[in-house]
Structure formats: structure tokens, C-alpha cells
Amino acid sequence: MSEFPGASWLDRYVARVNADPELAVIGDWLTTTFTLTFGDARHAVVVDKGRIVKLIDSPRFDVRAPFGFRAPIEVWRKFLSADPPPLYHDFFAMLMRVPEFVIEGDSLVAMQNARALHRMMNIMRETGAPNA
Amino acid sequence: MPEFEDITGRYLTVGIGGEQHRLFIEEAGRGIPLLCLHTAGNDSRQFRHVMNDKDVTDRFRVVAFDMPYHGRSTPPDKWWLKKPRLTTKLYLEIIRAVWTALGLERPVVMGCSMGGAIVLKVAADYQNEIRGIVGLESSAHAPGRYNDFLHHPAIHGGELCASYTYGLNSPYSPEQSRRENWWYYSQSGPGVYQGDVHFYSNDWDARDDIKSIDTGRCKVALLTGEFDYSCTPAMTEQVAAAIKGSRYTMMKRMGHFPMIENYPDFRPYLLDALDHVAS
């Protein structure tokens, strides 16, 4: 099991999301659970009105997550780097141009929340590179 | 006295394909006509910095218009009975109708994204009537952007289209400018952006047409942002390779919307391109 991006990074990410002034404005309707899979390591992000209320590592099958994002660690590492290369600088860019970055599950739910979800994914980048 | 900008906006009714279209047209400056074409699902506000740049407007009459269904242009009668679907043929008719109605003589035609695509066809078909083209983010064939969610009753179209295009900006462009473009995208009518992407990703293929462009008659300057993933630098390189005598420059740390996402960094590239096509 990989350590990437690591517990301290995930904690920083959660704190950043929950303190984000923009999500406080646009996050009211973002109540869902989605998964982030870094290589083999899967995490369920439980969101209530734009705030992350729980992060579940290696969720079991009774954790219901309508959608998620999965990619090899090398892809996530580029996305989270301080100077991301073109095509790796945005999750919509990766969905179009990086075949290893995939959306899993019901993409309709994801796109219904596109604005707040996009903000949440961009906060991943603003959290800084893991293991920096 | 209020400090108005030097841009003047007016409305003009133009016949296109047997229909009357009331179009919004704004302009600034005097000199060589520079007709500007906005991106899919957006409007002429994207060119506000170009129209407020004295170094441009001292030499060029900059004209930008909102495409039918876009911005402040009114959709044609019976719009509710058909889906907005832009095609290569219709797009060319619209441009030609505006250019003729305004009496623009030997204009330079500049467009971005879908506008950067169609200027290639304008150059191919009207190379004896224009000075040249400035293609921003120009591709001769750009599949992959069309999807059903862009117009879907269970999805807020404005927020999706704006978010879907937000990442096309470079991460290095000023946030205020990227957000401004997000706002313009969010204001598009239902299905309008999707209808434009139908042209851009489904209908558009000018890979043969561009081979006929004679840069001795019609100058071609191509500018593409390093971070553009809709029209990648490699896609514009293919266009440049097919047009002998064309000039292509990749803009470092720039995205898909240079004229609105980061005008200060775009400006030197633009002035250089305009020098080239107007010479």
C-alpha cells in the first residue's frame, strides 16, 4: 500500500477545504461521498454542504460513493506539483488528455456538482506537493 | 466627466441564411479593419483589452460582435423550435454577413478557439479579399470536446460550461482574469456552448482546405498557449506545417484564452502578429 499522498497531506487538504471561503459560498449543494484513489490507495471523502466531514481510508463495500477519481501515483504527483506540466494542471484537462486519470461511477453526480467539485480539486493543488 | 472606455457598442440587423439576426457589434479605433471572433459559448467581451489598447486602436479599427444566440445578440425568430447547432457553413455565412454589412475592406480576421479554427477556412476561401488572419489556438481538426452533459436538464449548464472551460486557462494567468472569463461562460443560453462545440469537435475538419492558403496573398500568424489542452501546441504545429509561409509561435505559460486570461503577457505576441499580417 502506497503512502502517497500521506496522512499529513490529507489532513492539510481537509483543513484547507473546510476553511475555504469560496466553498462556503458555493458548497451548499455539495453533499455526497466520492473516492480518491492514488495508485492502490483508496480514500472515501465524505462531504456535507461543501465541508469534508470524514475521510475514510480503504473504505469497505458498505461505504457508498457515487463517483470517484483514480490515477497512478505518477499522474497525481504531476497534478499536485508546484509547477504542473501542461495537461496535468487541471482535472478536466486530465479527463480529456491523460487516459490514466479516470472518473469512476456516476459521472452525472460529479458534473451536477462541477463548480464546487472543481474548486475542491483545485484546492488539492493549492495544498502543495505531498512529501515536500 | 465620466471616464468612458473608447469602445462603442451598437446593434445591427443582418440577414444570414434567410433569417434576420439582430447582432451586437462593438468597436474601437481606426485604420485597418480587425474583425475579432470570440470563443464557443462566449461573446465579444473577451476582446475588451484589445479594444482598449491604444497601440492596437491607433492602427486598427477593431470590430468584435456577439454571434447569434450569444451575448447581447438576439436569437432568430422560431429559435425555440430548433437546437442551436453551429456548422462550418453557417459560421462562415455569419462572418461573411457581418463583414459585408459593415463594409470592411481587406480586413484582418482574428479568432480564438472555434474562432481560431474558422479563420483558417476564411483564409482558404477568401484569401483574395483579406489581408490576413491571426489564429489564436487554431486547429484544423479538434475532436473530443463535445459531450451530452453540456446541455442536460439535471445539470446547471452555466456552471458546468464555465467550470469545464476554466481549466483551459493557464494556471499562471491572473485569477481575476480567469474568473472573468468563467463569468462570461456562465451566462451562455441553454445548449449554446454545446451547439458551438458541435461545430468545433464534430463538424470541423479543414485539414485539406488549409493546404490551399497562399500566404503571398493572405498572411497567416498563429499563436497557441502552452497550457491549451483543447487545441494543443502540437495541433497548431500541424496547421503551421500545412501552410507554407505561415508564422507560428507558442506562447509560454499561456492557456486557451490569451486575450482575456492574461492580456499583458499576450500583448507582445499580438502586436508582433498584427505587424506580420498587416505588413
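**Entry 1: α3(B) against α4(B).** I looked up how these two helices of the predicted model are oriented, and α3(B) and α4(B) came out roughly perpendicular to each other. The angle is about 70°, and the axes are 10 Å apart. I noted the spans as residues 88–101 for α3 and residues 114–125 for α4, both in chain B. The class follows because angles of 65 to 115 degrees count as roughly perpendicular.

I then listed the contact residues. From α3(B) they are T88(B), Y91(B), L92(B) and I95(B). On the α4(B) side I found I118(B), K121(B), V122(B) and D125(B). Sorted by class, this contact holds five nonpolar, one polar and two charged residues.

α6(A) makes the contact with A114(A), R115(A) and H118(A). α5(B) brings E159(B), L160(B), S163(B), Y164(B) and Y166(B). The class count for this contact is four nonpolar, two polar and two charged.

**Entry 2: chain A against chain B.** I widened the search to the whole chains. In chain A, 15 residues are in contact with 14 residues of chain B. On the chain A side, α4 (91–97), α5 (107–112) and α6 each supply at least two residues. α4(A) gives the most, with four residues.

Technical notes
Residues are numbered from 1 along each chain as its sequence is written. Chains are lettered from A and ligands numbered from 1 in the order in which they are written. This is a predicted model: local features need pLDDT of at least 70, side-chain atom pairs count only at pLDDT 80 or more; totals for chains, interfaces and linings use all residues. Axes are lines fitted to C-alpha atoms, for helices over the stretch in contact, and angles run from 0 to 180 degrees between N-to-C directions. Angles under 35 degrees count as roughly parallel, over 145 as roughly antiparallel, 65 to 115 as roughly perpendicular and the rest as oblique. Two residues are in contact if their C-beta atoms, placed from the backbone, lie within 7 Å. Ala, Val, Leu, Ile, Met, Phe, Trp, Tyr, Cys and Pro count as nonpolar, Asp, Glu, Lys and Arg as charged, and the others, Gly among them, as polar.
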